[in-house]
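Welcome! Please open your viewer and get ready to select a few places one after another.

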Amino acid sequence: MIISPPILKMPQGNASDEQWLASLMPFSSRGGFPIASRMAWHGGQHIEHTDTGAHGEPVRAIADGVVVYKRTPSPDADKKPLAYQGETDNGCVVIKHSTEIGEGPDGQIEYYSIYMHLKEVFVKNKQPVNRKDSLGSVGSCNGKNAIHLEIICDDANLKKIVGRSSGKLDISTDGRDKIIYGDMHFYLPPGTPFYASIASPQALTGSGAPVHTSTVPLFVTMRFERGKCLLTTRQEDPQQEGLYIELGQPQADSDDKYEYNLYSKAATLGDTFHIAPSAAYELLRFGRVINTENETPIAAGAVPHWHKVNYPGGQAWVDLNAAGVKKFSDADFPHWLGWALIDDDPTPDSQCNSPTLEKWIVGSSGSKLTAGALTAALGDAKTQSRLSQAICKFPTEWEKGQIDTRYDWLKKKSDVLNAPMTEEQYADFKAYVEALSFWEEAGLELNSNHWHFHPRLFFSHFRRCGWMGKDDISRLIRKTLPNPSVTNREDQNSALTKGNIYEYLSTANEKRPAQLYPNISTIMRKYLIVTPLRISHLISQLAEETGRLKAMVEGGPDSYFDKYEPGTDQGKKLGNTAKGDGKKFKGRGLIQLTGRENYIRYGKYRRIDFSIENQSQTLLTSAYKTCDAAGYFWASKQRNKINEKKKMVPLGDLGINSWADKGADLESSKQVTKCINTAAHHFNEVRWPCFQHAWYASNDETAPPKNFRPIGE
């Protein structure tokens, strides 16, 4: 899933993604989510126009999709009924998005984005649009230069997106394993022991007696971030039910390259406990084995997963794979992070009468909800933050035939409405709402009573998903390659279509296995190739290694592999020991694994004997092994250099992610290439242009690189 905000400006300095989104889409007490003034439901977020120049950024599609409704704006935005409380534009676009967030049917989701108050509309009905495409220009809302953005879905998709339909996350069992992304989370039940020290990461118990035994449920979040591993502990606030507080500052693992070193740590665990290091890798990466079709599960308590974390009153070591500990990810929308499903408003109107949200606003004091209390709450940053993580079900505000049902309460005095509307005022308001309404005309495949997400929080959450669906992969692959004989020209003989990519991802032939997808995404998720930068570097390398996913085996005539035979320098280097090894152990996989010794090393990682006759063929016939061997190589690759004593010494970074994280420039791409091919074979002709393409397709830049060639239909 690839997603971005509707207004795109590049971040400044070292701002985090969350800080960048906050600068583009700040919270507002007016036009906020999910409650606006008068305690009315408000299904989206108002995003004010922040450009200072004469020409503002256009409103852009947040993701790939199809325009299912568009309305050309009225030229009378400065006249009633639209000028109800100031000039208001009613240009509108609705896009239906079909995408993937994980494996299987539950990973295939649909949602809608609604763009209201556009001054111009540039698209047509039924038009396919790509992420970052211009939809229109920012108009006005009640005299302010702003748009209204909504993210909505139906009941079935809510369950697939969140993993449940109501209530809190079930902590009696582990979370989803086919849909898993972002941070990992661990529920530590009361009675969990914490230790002052451990003898080693392989120790089955801590040293000495526990220094603390928990008496309340604790929740630990594990985040990998550019090599680091950060641990945050939360517990429920004793003063406010349902609110969770952080215990101290996040703990950083003492190994500041913990993430980059996952392979070596997994190898040590595997050797100690006589299990496949590949399964141990998943334990360290996800807190459990999730690819159970290909890896042997590790029972709770059987292999340790130690981290130093905060507890109430201190810090100590805890085994995150101890019996009783349950494992989750961001895909489960944990309630201890603030996520809440709100569907408890008993009234059919647009006034929010949710007991849950009312309690959030007035607190646990039991005081009355008044207009003053509401104003104060909507202006409070902490309350706004909590409200932003409410996923709420209520009727759309855009259904013309239900205006009186939804808004008649505005004519009646209440605790939050000191000055009800007169009949004349209500008539003006109703005419204004009618001029904006579109629901019946759009005919969306969605009940008018549906689920709403805070747009900024939706973006922030799913920008950490990292799962690439078929359409995403096809967009990342460059359509044509540069013509080596003509400057600034493309080789049309190299052209691919979306149909080609779908064929390569799905069907088998003598050069590739069937079902490369979803196995490509599976190994990207496993080996933390989940950021736009890392994904782009991987895709650029696969473009050369596989001919843009066409073949998973090294080509050439039989004589070509003679150089890999025993007795040759290349054969010795690759560990080939028997006649015919050159052909048996020629390059196979997404990143071509070559030579008997390399096959044996991968076999040790998986606890599979790849040294026997024809066993290496499974790299060509098993999609998972074809992809996983590349992930293994990516995670385990150690770059070396020759020192002044003519000895090989490590350059200091383990795993190709450490090189990919260095940047999106030409030199960084070249260094990643050298991890895979020291001669940088076909760097200028394939790897670099394919990186540029994938990087633009996945990042937030609005100016494509020269000769950008997206995959066509």
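How do the residues of the lining of the second largest pocket divide into nonpolar, polar and charged? The answer is 12 nonpolar, 14 polar and 15 charged; Ala, Val, Leu, Ile, Met, Phe, Trp, Tyr, Cys and Pro count as nonpolar, Asp, Glu, Lys and Arg as charged, and the others, Gly among them, as polar.

Before we go on, note that this is a predicted model, where local features need pLDDT of at least 70 and side-chain atom pairs count only at pLDDT 80 or more, while totals for chains, interfaces and linings use all residues. Residues are numbered from 1 along each chain as its sequence is written, and side-chain values use heavy atoms, leaving out hydrogens and water.

**Stop 1: the pocket.** Select Q592, T594, F633, I676 and N677, which lie nearest the centre of the second largest pocket among its 41 lining residues. Its volume is about 1,500 Å³.

**Stop 2: I391.** Now select I391, in strand β23 (residues 390-395); strands are DSSP runs (E, at least two residues), numbered from the N terminus. Is I391 buried or exposed? I391 counts as buried because its relative accessibility is 1%; buried means under 20% relative accessible area and exposed over 50%, with a 1.4 Å probe and protein chains only. Next, show some of the residues that I391 touches, including L158, F333, W339 and W451; contact means heavy atoms within 4.5 Å.

Note on methods
Helices (H or I, at least four residues) and strands (E, at least two) are DSSP runs, numbered from the N terminus. On a 1 Å grid over the protein atoms alone, a cavity is a set of points where a 1.4 Å probe fits but cannot get out, and a pocket is an open set with protein on both sides within 12 Å along at least five of seven lines; lining residues have an atom within 4 Å of a point. Grid points are joined across faces, edges and corners, and a volume is the space filled by probe spheres set on the points. Lists of a residue's contacts leave out its neighbours within four places in sequence.
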